[in-house]
Amino acid sequence: MGEMGLGERCGALLTWMQTFHVPSPCIKMEDLTSGVTIAQVLHKIDPSWFNETWLLRIKDDTGDNWRLKVSNLKKVLQSVVEYSQDVLGHQVPEQLLPDVALVGELSDPAELGKLLQLVLGCAISCEKKQDYIQQIMTLEESVQHVVMTAIQELLTKDSSDTLSSETYGNFDSQSRKYYFLSDDLEETDDMRQHYHDLEHQISILMEEKNLLALENKTLREQKCSLESDAAGLTGKKLLLLQSQIEQLQEENFRLENGRDDFRVRCEDLEKEVQELQHRNEELTSLAEEAQSLKDEMDVLRHSSDRVGRLEAMVDSYKKKLEDLGDLRRQVRLLEERNTVYMQRTCELEEELRRANAVRAQLEAHKRQVWWKMVLFDQLEALHW
């Protein structure tokens with residue numbers, strides 16, 4: 001069967017498993033690899049055999065630990081094989097036994113399909129098989145076809161066991177009847193009567209099968225009793241050793257689980273150390289940058305002090321410039337006044353020059369008048 005066929009079979013059997021409505025998740029194939037969901041389905045199939053005590057042996061907190069998953073699957077497979085032998089009364093062929101290690105570690109669809117096929121065989125052979133057959137008939141036709149194919153393989157590979165052949169053969173007839181009835185809804189009364197006859201035959205055969213299984217179980221118990229009496233102390237030692245082995249295996253699983261936890265913790269711590277080292281490098285770089293910035297701040301602070309002094313000098317120069325501006329304004333005013341005074345002086349000098357000229361003329365006229373008066377007096381004196 002190819003990879004597509006294996007995936008289709010697992011998908012169909014997963015759909016069939018979902019009809020039991022167990023508490024654990026049953027949505028995808030990975031939900032079945034822990035063995036918890038399969039164990040709960042088996043508990044519903046036959047609560048007397050797969051009882052609460054047995055169910056408590058299945059650890060439901062496996063997480064991603066594949067070793068715990070494999071341990072659960074081994075317990076489930078062993079109980080299914082014992083149920084087939086002691087209750088159903090037939091041996092499970094070796095070619096039908098799955099490799100649970102591949103299921104727990106790699107979620108192998110082929111091996112998971114084998115395990116689900118054995119669970120299917122338990123369901124269609126137990127006391128409540130009619131209910132489970134009805135559940136199968138409620139599925140889609142494509143899923144029914146794949147489930148019927150899986151049952152037919154159980155029949156083919158287990159043909160050496162007459163009792164199981166009758167069981168699976170009768171179910172195959174009934175399932176084929178359901179299958180063809182689902183294709184033709186307008187069935188005839190004869191076919192319905194034939195269907196009821198087949199159901200009656202199945203009931204009779206199942207009663208015979210249960211009687212034979214009970215007889216087989218009684219014989220097995222007698223055989224076990226005889227073997228236990230013959231074994232005596234050796235059997236007790238063997239049971240004690242088996243119990244010790246189981247305890248050691250459980251302890252080994254716990255230690256391996258703890259080792260895995262410590263490995264994960266160690267990896268987390270290594271990642272944390274790497275992050276801290278990276279953070280330390282970043283902080284070192286930031287410290288160097290801070291020191292460089294501090295040096296720059298010192299230089300800038302020194303420059304700032306110098307700038308302060310220069311600003312003070314500039315302010316003083318500004319004040320001096322303002323004072324110089326006042327002086328310039330005063331000088332300008334004085335220059336303007338001086339210009340006015342110079343003009344006035346020039347005017348006064350011109351007036352003085354004119355006055356001097358007039359004075360000289362007056363003096364000349366005075367002298368002339370004086371001489372004329374002197375001459376006049378002399379003339380008068382002479383005249384007298």
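The structure holds 8 salt bridges. The model is predicted. Its chain comes to 11 helices and 0 strands. Of the 384 residues, 30% count as buried. Among contacts with a separation of 6 or more, 65% join residues 24 or more positions apart.

- Asp298 and Arg301 form a salt bridge through their side chains, at 2.8 Å from N to O.
- Both Asp298 and Arg301 belong to helix α11, which covers residues 233-383. They sit 3 residues apart, about one turn of the helix.
- Asp298 has a relative accessible area of 37%, so the residue is partly exposed. Arg301 is partly exposed too, at 45%.
- Arg344 and Glu347 make another salt bridge, with 3.6 Å between the closest N and O atoms.
- Helix α11 holds both Glu347 and Arg344. The spacing is 3 residues, about one turn of the helix.
- Glu347 is partly exposed at 42% relative accessibility. Arg344 is partly exposed at 44%.
- A salt bridge also joins the side chains of Glu350 and Arg354, at 3.5 Å from N to O.
- Arg354 and Glu350 are 4 residues apart in helix α11, so about one helical turn separates them.
- An α-helix has 3.6 residues a turn, so residues three or four places apart point the same way.
- Arg354 is partly exposed, with 43% relative accessibility. Glu350 is partly exposed, with a relative accessible area of 29%.
- Glu350 and Arg354 belong to a salt-bridge network that also includes Arg353.

**Aromatic pairs**

- The whole structure contains 6 aromatic pairs.
- One of them joins Trp16 and Phe20 in an edge-to-face arrangement. The ring centres are 5.2 Å apart, and the planes stand at 90 degrees.
- Trp16 and Phe20 are both buried.
- Phe20 also pairs with Tyr132, this time tilted. The centre-to-centre distance is 5.3 Å, with 40 degrees between the planes.
- Where do Phe20 and Tyr132 lie? Phe20 is in the loop between α1 (3-18) and α2 (36-45), and Tyr132 is in helix α7 (residues 129-137). The pair therefore ties together parts that are 112 residues apart in sequence.
- Tyr132 is buried, as is Phe20.
- Trp49, Phe50, Trp54 and Tyr83 make up one aromatic cluster.

**Packing of α4 against α6**

- Helix α4 spans residues 66-88, and helix α6 spans residues 109-123. Their axes come within 11 Å and cross at roughly 35 degrees.
- The crossing of α4 past α6 is left-handed.
- On the α4 side, the contact uses Leu73, Leu77, Val80, Tyr83, Ser84 and Leu88. On the α6 side, it uses Leu115, Leu118, Gly121 and Cys122.
- Which residue classes make the contact of α4 with α6? There are 8 nonpolar residues, 2 polar ones and no charged ones.

**Lys75 in α4**

- Lys75 is located in helix α4.
- Is Lys75 buried or exposed? Its relative accessible area is 14%, so Lys75 is buried. The cut-off for buried is under 20%.
- Neighbours within four places in sequence aside, Lys75 contacts Trp54, Arg57, Ile58 and Glu250.

**Cover over α2**

- How many residues of α2 are buried? The count is 9 of 10, which leaves α2 mostly covered.
- The buried residues of α2 are Val36, Thr37, Ile38, Ala39, Gln40, Val41, Leu42, His43 and Ile45.

Key
Residues are numbered from 1 along each chain as its sequence is written. This is a predicted model: local features need pLDDT of at least 70, side-chain atom pairs count only at pLDDT 80 or more; totals for chains, interfaces and linings use all residues. Side-chain values use heavy atoms; hydrogens and water are left out. Rings of Phe, Tyr and Trp (its six-membered ring) pair if their centres lie within 6.5 Å; planes under 30 degrees apart count as stacked, over 60 as edge-to-face and the rest as tilted. Buried means under 20% relative accessible area, exposed over 50%, partly exposed in between (1.4 Å probe, protein chains only). Helices (H or I, at least four residues) and strands (E, at least two) are DSSP runs, numbered from the N terminus. Axes are lines fitted to C-alpha atoms, for helices over the stretch in contact, and angles run from 0 to 180 degrees between N-to-C directions. A crossing is left-handed if the near helix is turned anticlockwise from the far one by less than a right angle, and right-handed if clockwise. Contact means heavy atoms within 4.5 Å. Ala, Val, Leu, Ile, Met, Phe, Trp, Tyr, Cys and Pro count as nonpolar, Asp, Glu, Lys and Arg as charged, and the others, Gly among them, as polar. A salt bridge is a side-chain nitrogen of Lys or Arg within 4 Å of a carboxyl oxygen of Asp or Glu.
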